[in-house]
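Please look over the two chains shown below before reading on.

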Amino acid sequence: MINRVISFFCSLRLTVALLSLALLLVFIGTLAQVKLGLYTAQSEYFRSLFIFWQPKGASWKIPVFPGGWLLGGLLLINLIAAHAKRFQLTKKKAGIFLIHGGLILLLLGQFLTELFQVESNIRFAEGETRNYSEDSRHNELAVIDVSSPDHDEVVSIPETLLAKGGEIHHPKLPFAIRVKNFFQNSEPAGPMIFAANNIKATEGIGKRLQFSPAPLVATMDDENKPTALLEIVSDKRPIGDWTVSLWLTKFPWNFSLGRKMGTLLGSALTEPQSFEFNGHTYQIALRPIRYYKPYQVTLLEFRHDLYAGTLTPKNFSSKIHLSDRAHGEERDVLIKMNDPLRYAGETFFQAGFDKFNDKITVLQVVKNPAAITPYLACTLVGAGLLTQFLMHLVSFGKKQKSKVSPAAKRSSPGKKIPVAAVAHERRSL
Amino acid sequence: MKKWLPGILAAIFLAWILSAVRAPKSKDTFDRAEFGRLPVLLGGRIQPFDSVARNALLSMSGKSIVRVKEPQKLSGAKGVFASLTGIYDKAPDDKWWVTTNKLSPTEWLLEAMTRPDDADTRKIFRAQHPDLENLLGAEKGKLEYYSFNDLTNHLEEVEQQARRLAESEKGREDGAKTRTPFQKDLMHLYDSMILYHRIKNSLEPEGSPDFARELGVFQERIAPGLVALQASEAGEKFDETDLQMMASFFKRYQKLASYAYPLAVPPLSGERRDGWKNIGTVLMESMRANEIHPALKSLARVATAYAKNDAAEFNRGVAEYRGWLQSNTLSRELKKARQEFFFNQIEPFYKAMVIYVAALLLGCLYWINLNEWIRRSAFALILVAFSIHTIGLVFRMYLEGRPPVTNLYSSAIFIGWGAVILGMILERIFKGGIGLVAAAFIGFVTQIIAHHLSLSGDTMEMLQAVLDTNIWLATHVVVITTGYASMFIAGLLAIIYILRGFLTRTLSPETAKALTRMVYGIICFATLFSFVGTILGGIWADQSWGRFWGWDPKENGALLIVIWCAITLHARWGGLVKERGLMAMAVVGNVITSFSWFGVNMLGIGLHSYGFMDKAFPWLMAFIASQLILILLAITPARFWASFKNERVSSPLSKTKPLEAGV
């Protein structure tokens with residue numbers, strides 16, 4: 001029985017079957033991106049054990065196809081098992097082993113990357129300083145106690161909890177937060193537009209600015225901008241309703257409401273919303289999750305040039321000042337497209353500029369402990385493929401020479417093709 | 001005689017290529033070529049007027065020359081020939097024949113810029129959708145070209161429709177992608193008309209009777225106009241006429257500044273090197289500076305001379321302008337434009353295409369009569385075509401200062417180039433004409449594809465900032481396209497195997513064996529290149545935005561090819577497929593590669609969705625359908641194959657290794 005299991009996992013047929021399934025998965029996963037968007041399609045098809053089918057409105061779902069994790073894992077087992085069983089260190093097999101060793105490394109590396117890579121970004125305008133980067137996908141509700149003069153106390157609640165609704169309690173907060181309404185994507189509605197399901201608060205900016213729900217977006221360069229209506233409750237006594245929205249924190253400059261509205265709201269848009277409770281001052285905001293760093297960066301100059309007479313971008317670059325007191329680093333760095341800054345285990349890339357405000361640079365910050373694996377893997381596989389290819393070429397050339405006599409070259413072609421043996425021998429793997 | 005056949009054929013085509021090296025003789029004394037070589041800045045790059053003309057014509061009408069039907073008196077032999085053959089229509093007065101003349105791109109451009117009345121009669125606009133033809137009052141189903149005059153009655157209608165469409169798409173990023181075929185055609189016509197209008201206002205305000213004189217008057221009026229303006233602003237007494245003159249010039253040139261198409265006026269010394277401007281902007285600036293740009297004067301002289309049909313003056317004007325450019329340290333731009341003009345003139349890819357077709361015909365002929373000299377002739381022609389193909393490729397790289405592949409257009413050129421090399425190598429090794437036919441066929445088809453891709457605009461466009469790294473363009477892109485090329489060669493060889501084996505009796509066991517080896521070898525080669533290319537793409541992504549793999553559609557497309565190669569090779573090694581199975585798999589490779597090359601771009605998502613080409617979609621579908629049929633043929637049992645029916649009795653090989661084994 002065990003032997004049968006082992007030989008199943010070592011078999012070439014399994015390899016072919018798994019690869020075929022992988023081919024289908026990549027294909028349907030790519031097509032699915034059109035509808036679901038890059039991010040959702042990735043998590044449903046590639047970063048999953050199974051792809052599920054769920055009828056509209058049903059609460060159950062059934063797995064219909066293996067997902068990326070499962071296929072990748074099985075391929076990895078298959079690869080390792082086959083090689084463990086048949087490992088022979090011969091010159092002939094060297095290329096094959098290099099190739100598959102590299103593939104194992106590549107798969108493992110991607111596995112580690114999926115687990116440990118953190119992607120975030122910094123968006124700031126010239127003159128601004130940041131000591132944190134922001135998650136590009138995930139948001140949090142931050143409740144900040146700013147009463148103490150020397151430090152702020154931050155309680156952060158993930159967006160997913162808001163989406164669930166209900167009441168949120170936290171040991172560090174003397175009050176509860178009741179989610180009265182939550183839109184996963186929203187847009188500002190303006191004061192003159194009335195709709196029954198708009199979010200309108202009794203306190204803060206939400207009194208003057210309403211938000212209406214918007215359809216979920218799926219494109220790569222767009223994102224959902226959630227808005228929630230929160231009621232702060234203490235001992236069953238409501239304190240007030242506040243609107244929190246990503247519009248107010250990540251995109252405060254993007255109001256297509258016209259100039260009048262802009263002047264009307266003015267700085268109220270960007271000011272933190274706060275309230276007093278038990279002698280403490282609290283601020284609340286729905287914002288991207290922050291990753292704080294022990295150093296800070298200041299944007300000195302952001303340039304983006306166009307080709308003369310066109311709208312095609314020619315280059316982007318951000319000149320920043322890096323300041324790390326603990327390590328005594330004080331220097332200016334120029335980050336350009338295809339020319340990132342690597343610092344303290346993170347890499348800062350010039351990603352572009354904010355699409356609503358071209359004065360705001362967007363730096364992508366990536367932390368990936370497994371970043372080196374593809375390079376090693378690529379070298380191994382490349383070397384292996386080359387070895388194999390050259391070996392074939394040499395043996396083919398030899399055979400060709402011995403088979404084709406000068407006389408055969410001149411004879412009529414219908415019969416003249418040299419009957420050479422098939423250039424490859426059947427391999428066990 | 002036979003011995004000389006390859007040499008003679010090659011010489012004929014070489015002579016044809018060389019005939020284009022000299023600039024075509026002008027039919028009159030205008031030195032239009034010299035004008036066509038003058039540099040302008042458009043799309044962020046220096047290019048000759050000739051390229052402006054070609055790209056505009058290609059995008060409007062799909063052709064780079066303009067055909068003009070003109071009544072002409074045909075005398076002598078030509079007249080006899082015409083009356084005997086009846087190839088020309090009779091003109092209404094029965095004495096003349098209606099012949100077709102060709103306008104070169106530059107000739108058309110000059111006409112459009114300076115003789116709008118003539119240009120308005122040229123049939124350069126296209127309407128393909130029957131409903132649009134209907135809207136324009138043409139007969140249904142008749143592919144028609146329209147002149148601007150034909151369309152004048154419908155200008156408002158077209159504009160209104162286009163506006164309405166644009167209005168409905170406002171705020172929707174994907175608006176342009178959801179257009180119906182009718183809307184696409186309508187917008188194309190509308191855009192063409194706007195482009196035409198802009199071109200007409202590029203060298204002088206449309207219909208200016210004497211632009212050189214107009215400039216003279218303008219220059220005289222600037223100073224008094226400025227005085228009057230200042231006085232009026234200060235509330236003092238001023239000359240009403242002076243101010244009014246100034247105001248009307250202002251209005252006229254302001255319009256020009258927003259319309260004039262290429263940036264035709266070079267920067268003065270001391271200005272930024274890319275600070276070219278269009279004539280309208282320069283005129284507006286002259287008003288402030290109280291001085292007219294010297295280059296503009298020369299250009300006006302040229303324009304006026306052409307408008308007035310004064311060849312001597314035109315040639316002098318062009319020479320004067322060249323001299324001015326030279327003495328103002330713009331000789332680099334002059335040289336660049338000259339070189340590109342030369343490149344346009346020799347049309348290397350068009351010539352390569354024609355010669356590939358000739359080679360393909362010879363290759364097929366060889367399969368029929370198996371005459372070795374035919375095969376050698378075909379090979380010689382492919383060598384000639386390949387040489388001009390290579391010259392074109394390298395010339396383009398030199399003009400752009402870039403690796404060979406920078407956009408979809410150049411990928412087609414390069415895939416063809418790589419495939420031809422592979423085909424020639426195969427032919428050298430295996431003879432039999434198979435590599436030859438494959439090389440000629442892919443060479444030809446990729447040039448056709450490239451031609452159609454060139455219709456969407458300038459093929460040497462500037463690169464987006466994110467792509468602007470020669471090192472990755474030179475490695476990742478070149479390697480991955482080489483992978484595409486080899487996949488297509490493998491697929492084509494498989495098609496040859498299937499068609500010859502299924503339909504004819506010509507697929508001998510030896511040929512079958514040889515083809516199998518070729519396909520297998522090429523797939524190994526493709527695996528190497530696709531894999532390395534894909535990984536290099538990952539490394540580029542990692543270097544540029546910190547993500548080795550992002551499941552971007554184009555990345556996935558490349559991955560599909562790699563996985564498919566791996567499946568094919570493992571299936572072969574495991575004995576899961578034999579000859580015909582391998583062939584079927586190679587044809588599937590065609591489908592996957594075409595999806596990866598074109599299909600993912602049509603999804604319109606991701607980083608690589610440059611050049612969304614919905615026009616190619618039906619073609620891609622047709623291609624895939626044809627491949628599916630071939631796959632079905634490939635897996636039909638061997639007893640239905642014309643070549644294999646009597647296999648067992650006739651071939652000694654089959655005794656040891658039956659060919660009809662599992663798929």
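Predicted model: local features only at pLDDT ≥ 70, side-chain atom pairs only at ≥ 80, totals over all residues.

## Briefing on chains A and B

Among contacts in chain B between residues at least 6 apart in sequence, 71% join residues at least 24 apart.

- Chain B has 663 residues, of which 49% count as buried, and its secondary structure comes to 27 helices and seven strands.
- Chain A has 429 residues, of which buried residues make up 26%, and its secondary structure consists of 10 helices and 18 strands.
- For chain A, the contacts between residues at least 6 apart in sequence include 57% that join residues at least 24 apart.

**Where chain B touches chain A**

- On the side of chain B, 63 residues are in contact with 58 residues of chain A.
- At least two residues of that side are supplied by each of the following elements of chain B: strand S1 (39-42), helix H18 (372-400), helix H19 (408-430), helix H22 (509-545), helix H23 (553-573) and helix H24 (579-603).
- Of the elements of chain B, H22(B) gives the most to the side that touches chain A, with 18 residues.
- Sorted by class, the side of chain B that touches chain A holds 35 nonpolar, 18 polar and 10 charged residues.

**Helix H19 of chain B**

- The 23 residues of H19(B), at 1.5 Å a residue, should span 33 Å, and the C-alpha atoms at its ends are 32 Å apart, which agrees with that expectation.
- H19(B) is mostly covered, since 18 of its 23 residues are buried.
- The residue that follows H19(B) is Lys431(B), which has a positive phi, near 55 degrees.

**How H19(B) meets H21(B)**

- Two packed helices are described by the angle between their axes and the distance between the axes.
- For H19(B) and helix H21 (residues 470-503) of chain B, the axes come within 8 Å and cross at roughly 55 degrees.
- The crossing of H19(B) and H21(B) is right-handed.
- From H19(B), the contact is made by Ser411(B), Phe414(B), Ile415(B), Gly418(B), Ala419(B), Leu422(B) and Gly423(B), while H21(B) brings Thr481(B), Thr482(B), Tyr484(B), Ala485(B), Ser486(B), Phe488(B) and Ile489(B).
- An α-helix has 3.6 residues a turn, so residues three or four places apart point the same way.
- The residues of the contact of H19(B) with H21(B) divide into eight nonpolar and six polar, with no charged residue.

**Two residues with positive phi**

- Lys431(B) lies in the loop between H19 and helix H20 (434-454) of chain B, and its phi, near 55 degrees, is a positive value in a residue other than glycine.
- Asn309(B) has 12 other C-beta atoms within 10 Å and is exposed, because a residue with 12 or fewer counts as exposed.

**Asn590 of chain B**

- Asn590(B) is found in helix H24 of chain B and is buried, with 22 other C-beta atoms within 10 Å.
- Leaving aside neighbours within four places in sequence, Asn590(B) is in contact with Phe488(B), Gly491(B) and Gln627(B), and Phe488(B) is also one of the residues that H21(B) brings to its contact with H19(B).
- Asn590(B) and Ala56(B) are 534 residues apart along the chain, and their C-alpha atoms are separated by 34 Å.

**Trp69 of chain A**

- Trp69(A) has its place in helix H3 (residues 68-86) of chain A and is partly exposed, with 15 other C-beta atoms within 10 Å.
- Not counting residues up to four places away in sequence, Trp69(A) touches Arg47(A), Ser48(A) and Leu49(A).
- The C-alpha atoms of Trp69(A) and Tyr45(A) are separated by 8.9 Å, and these two residues are 24 residues apart along the chain.

Conventions
Residues numbered from 1 in each chain as written. Chains lettered and ligands numbered in written order. Helix = DSSP H or I, 4+ residues; strand = E, 2+ residues; numbered from the N terminus. Buried ≥ 20, exposed ≤ 12 C-beta atoms within 10 Å, placed from the backbone. Contact = placed C-beta atoms within 7 Å. Nonpolar A, V, L, I, M, F, W, Y, C, P; charged D, E, K, R; others polar. Expected span 1.5 Å × (residues − 1). Axes fitted to C-alpha atoms, helices over the stretch in contact; angles between N-to-C directions. Left-handed = near helix turned anticlockwise from the far one by under 90°.
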